[in-house]
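Please look over the sequence and the model below. A short report follows.

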Amino acid sequence: MSAVLEIRDLHLRFRGHSGVSEVLHGVSLDIRAGERVALVGESGSGKSVTARIVLGLLQELPYAEVSGGLFLEGADLNRLSRRQWQGLRGTSISMIFQDPTSSLNPVFTIGAQFAEVLRRRDPGLPRGAADERAGALLRSVSIHDHARVLDAYPFQLSGGMNQRVVIAMALANHPSLLIADEPGTALDVTVQAQTLKLMHDLVERSGTAVLFISHNLGVVREFADRVFVIYRGRIVERGPTAAIFEAPGHAYTRALMAAVPRITGGGPPEPNDGETAFLDPMVVHEGGGA
Amino acid sequence: MTPLLSLRHVSKTFGSGPRAVRAVRDVSFDVSRGECLAVVGESGSGKTTLANMILGVFGQSSGEIRFDGRALPSRRTLEHRSAIQLVQQNPLSSLNPKRSVGASIRLGLDVFGIGRRSDRWRLVENALEEVGLPGDFRRRAPAALSGGQCQRVAIARALACQPRLVILDEPTSALDVLVQARVLRLLDGLRRTKGLSYVFITHDLSVVRNVADRVAVFRSGELVECAETGAIFENPRADYTRRLIGAVPVITDHELKLRESLSGGLPA
Ligand SMILES: Nc1ncnc2c1ncn2[C@@H]1O[C@H](COP(=O)(O)OP(=O)(O)O)[C@@H](O)[C@H]1O
Ligand SMILES: Nc1ncnc2c1ncn2[C@@H]1O[C@H](COP(=O)(O)OP(=O)(O)O)[C@@H](O)[C@H]1O
Ligand SMILES: [Mg+2]
Ligand SMILES: [Mg+2]
């Protein structure tokens, strides 16, 4: 069976005043049907740019040079016109960003925004029918007073409520791929934990494949089936979540894990140095559909 | 021995009438000499308001704050201002972008009259070295520093004022995990070698577990629980504390077991 998403040997360079900077050095990644795959690494490692390339957004920048294979359900994305690629966003590929409130449009009600999202797939959908579908979607994220929420503006709702709305909208058109870039990082920990669990259950039920981007190893461990660890634009380790967390093989992954404070205690974490080994070859754990 | 810092029935209300925000409500706790007290709570729970009252940025609406056995006046003396220092979350915005790193650190020495004038650049360099940066970093501009270096400079600036109490308001929340680990170790070591007291404000309970002697849990301006760190993580009393612990992302099975045993039965 072919992958939902396949990224092959992706390279990215930015041309700037002070010359060219290489951001991705041959990233390969695949996500199978129904799989939740995490891309984890520190800030600046190249997680968001990878997502933006899948969405076709970086290719629109005149100073970005992108090369590599990109396939969505077997179809070669590089052969699409700009308009065709735009047409995938919000339909076949949807996304969730860090801050739910700022990713909603402040001047439209939730109901109006749902209608716009649904009309991307279903252009003539009347508002009444859109509200009905939106209501059902809101129920799926445990929002039961959906009439009030549909009439509200984002600023009238809590961050956690907006996050649920964003999750419901992202899944409204039954995308083949959901990209979640640091979802909920701007929210409180209890709200983040709740909404992640909700998103987990929902994508599991609908069988949606997810590219889950995060810098937080704990969150990744709870959410993902498989993990890709990225360091400075290179995948340094990949494998099933359990294998990576039980036996991290790459020096960088081990350093990351050693640096996470444990709720079981033991004092401030002792990061092992030896950054030279962070550039060692990739470690691959087989299994988990890989 | 009297505690270094002592709050008794401290409240802060912003505004008045129906729009009044009761940001801190009847809070009492102590911080002893050499102790690290963690203040945890979600956003809006009143943590920064508390810090501002201790620092004297504004006064409390009611209650008393005592330092070293005496009530802190609403207009702080220079001595109090140097004795209680702050390190904030966002390292870059806490440094003046137009000043060199060294000038930012030196400002405190000049204001508080620490050391002889001719000696102060040397004190600035010492402070930088104490936080693991080379002394000649003093010539750098804040914009030329990484997040971790910036936070080290902010710590050096606080330490150069020879404080007895340092308020750390989410000091590592904006840092990557490898950088966070180094800054946490640095802070822990400095507290021990200098006998400092910390009020360590954070929303991250796994950090708290590893740096704090005691923990004060805040919710909506109220202190819901205050106990030794071990007790908080082994036998939390308040349901809210259990819920907070239940929401911590963990990376080992050992932690998962502890978390489940503490938060078991409660909705996440
Ligand atoms: N539009 C852009 N122009 C120039 N450089 C960029 C742009 N977007 C990202 N970068 C650089 O690419 C690198 C990777 O960025 P990003 O993917 O956002 O990191 P993260 O892993 O934190 O999401 C960083 O060094 C960043 O500064
Ligand atoms: N200067 C102010 N004027 C009015 N309300 C304020 C002010 N500062 C804080 N608040 C309110 O007080 C409450 C506590 O805020 P804060 O102490 O910043 O919380 P925390 O640091 O725990 O996130 C919040 O409801 C906040 O909106
Ligand atoms: Mg990013
Ligand atoms: Mg605050």
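In which sense do β3(A) and strand β8 of chain A pair, and over how many bridges? The model is predicted. In it, β3(A) and β8(A), residues 209-214, pair in the parallel sense over 5 bridges. On β9(A), residues 226-231, β3(A) has a parallel partner too, joined to it by 4 bridges.

A:Leu39 has a bridge partner in each of these strands. In β8(A) the partner is A:Ile213. In β9(A) the partner is A:Phe228.

Strand β3 of chain A spans residues 36-40 and is mostly covered, with 5 of its 5 residues buried. In a regular strand, side chains alternate between the two faces of the sheet. Both faces of β3(A) are covered. A:Arg36, A:Ala38 and A:Val40 lie buried on one side. A:Val37 and A:Leu39 lie buried on the other.

Next, the ligand. Around ligand 1 are A:Phe14, A:Val23, A:Gly41, A:Ser43, A:Gly44, A:Ser45, A:Gly46, A:Lys47, A:Ser48 and A:Val49. Helix α1 of chain A, residues 47-54, gives the largest share of this shell, 3 residues. By class, the shell has 6 polar, 3 nonpolar and 1 charged residues.

Now the contact between the chains. On chain B, 33 residues are in contact with 31 residues of chain A. Four helices of chain B each supply at least two residues of the side that touches chain A: α6 (177-194), α7 (205-211), α9 (239-246) and α10 (253-263). The most comes from α6(B), with 8 residues. By class, this side of chain B has 17 nonpolar, 9 charged and 7 polar residues.

B:Arg139 is found in the loop between α4 (120-130) and α5 (147-160) of chain B. Is B:Arg139 buried or exposed? B:Arg139 is exposed, because 11 other C-beta atoms lie within 10 Å, and a residue counts as exposed at 12 or fewer. Leaving aside residues up to four places away in sequence, B:Arg139 touches B:Ser100 and B:Gly102. B:Met1 is 138 residues from B:Arg139 along the chain, and their C-alpha atoms are separated by 43 Å.

Key. Residues are numbered from 1 along each chain as its sequence is written. Chains are lettered from A and ligands numbered from 1 in the order in which they are written. This is a predicted model: local features need pLDDT of at least 70, side-chain atom pairs count only at pLDDT 80 or more; totals for chains, interfaces and linings use all residues. Two residues are in contact if their C-beta atoms, placed from the backbone, lie within 7 Å. Ala, Val, Leu, Ile, Met, Phe, Trp, Tyr, Cys and Pro count as nonpolar, Asp, Glu, Lys and Arg as charged, and the others, Gly among them, as polar. A residue is buried if 20 or more other C-beta atoms lie within 10 Å of its own, exposed if 12 or fewer, and partly exposed in between; C-beta atoms are placed from the backbone. A residue is near a molecule or strand if its C-beta atom, placed from the backbone, lies within 6 Å of it. Two strands pair if DSSP finds at least two bridges between them.
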